[in-house]
Amino acid sequence: MATASSEVKWWQATAEKSVVGSSTGFAAKFWTWAEGVYETSGRADPNAHAISFCLDPLQTEFSLGRRASFSGIFSPGMMAVIPAGEAPKAVQRGGGRKLHLYLPLTLWNDVAEDCGSSVAPDISAIGVVEDLAAHTICRKMMGVLSETGPGSRMLMDAFGIELAVHAVRRWSSLNSPNRFEAQPLGFSTIARVMTYLNDNLARDATLSELAAIAGLSPAHF
């Protein structure tokens, strides 16, 4: 319920841009909201890890029950990692912009398998973290959301997989940068993929389609 701007009210942001990866289930939403003091209480999603990426400085009190908490300035580049099944709560002061990313467990598990894990790893980065590599990936996603066009869906698929690979390598119980060693594509495989792209320039091909032509998983491709 909204009250005077100096009082706490429920977060009522506007999702200006959103996209769902057609072949991976990865999703991204870009949010903006006006100056004020807001309380948020997210629902627990048992099927996806969530990442809240901050684009503007924001005074924030954030918690995941007893799992993690943060109080201070949520600075650009910081992100809140919310494991699947966890319900976040926060009070934030000021206006701003955020990128919310949703990494489905199906993609998480597929990437873990491609990284050589026989079991789905637990996510170990919980709560507010700073990660330069993840920051770079998120910025690339913002570029796609800001200027959509031919191939945008495929780019978001690719960036979603890139983030998933990074998260499994750095934010999971695997935590081994050398586990994922993709092999280079052969010339004949590249030729098949390029031929398919040339034949389908009029439509928005997906990363999964190209990976299938190469005979690889989307993460390896």
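1. In this predicted model, residues 24 or more positions apart make up 73% of the protein chain's contacts that have a separation of 6 or more. The chain has five helices and 11 strands.

2. Of the chain's 221 residues, 44% count as buried. The accessible surface of the protein chain is about 11200 Å², and carbon and sulfur atoms hold 53% of that area.

3. K98 is a residue to look at in detail. K98 sits in strand β10, which covers residues 96–104. K98 is buried but takes part in no salt bridge. The nearest side chain of opposite charge belongs to D56, 10 Å away, whereas a salt bridge requires the charged atoms to be within 4 Å.

4. Leaving aside residues up to four places away in sequence, K98 touches K29, F30, W31, W33, S52, F53, C54, L55, L58, F74 and Q92.

5. S172 is the second residue to look at. S172 lies in a loop, between α3 (152–170) and α4 (187–199). Is S172 buried or exposed? S172 counts as buried because its relative accessibility is 2%, and the cut-off for buried is under 20%.

6. With residues up to four places away in sequence not counted, S172 touches W108, P121, D122, I123, S124 and A167. S172 and I126 are 46 residues apart in sequence, and their C-alpha atoms are 10.0 Å apart in space.

How values were computed. Residues numbered from 1 in each chain as written. Predicted model: local features only at pLDDT ≥ 70, side-chain atom pairs only at ≥ 80, totals over all residues. Heavy atoms only, no water. Helix = DSSP H or I, 4+ residues; strand = E, 2+ residues; numbered from the N terminus. Buried < 20%, exposed > 50% of the residue type's maximum accessible area, 1.4 Å probe, protein only. Lys, Arg positive; Asp, Glu negative; His and termini not counted. Contact = heavy atoms within 4.5 Å. Areas by Shrake-Rupley, 256 points an atom, 1.4 Å probe, with all protein chains shown as cover.
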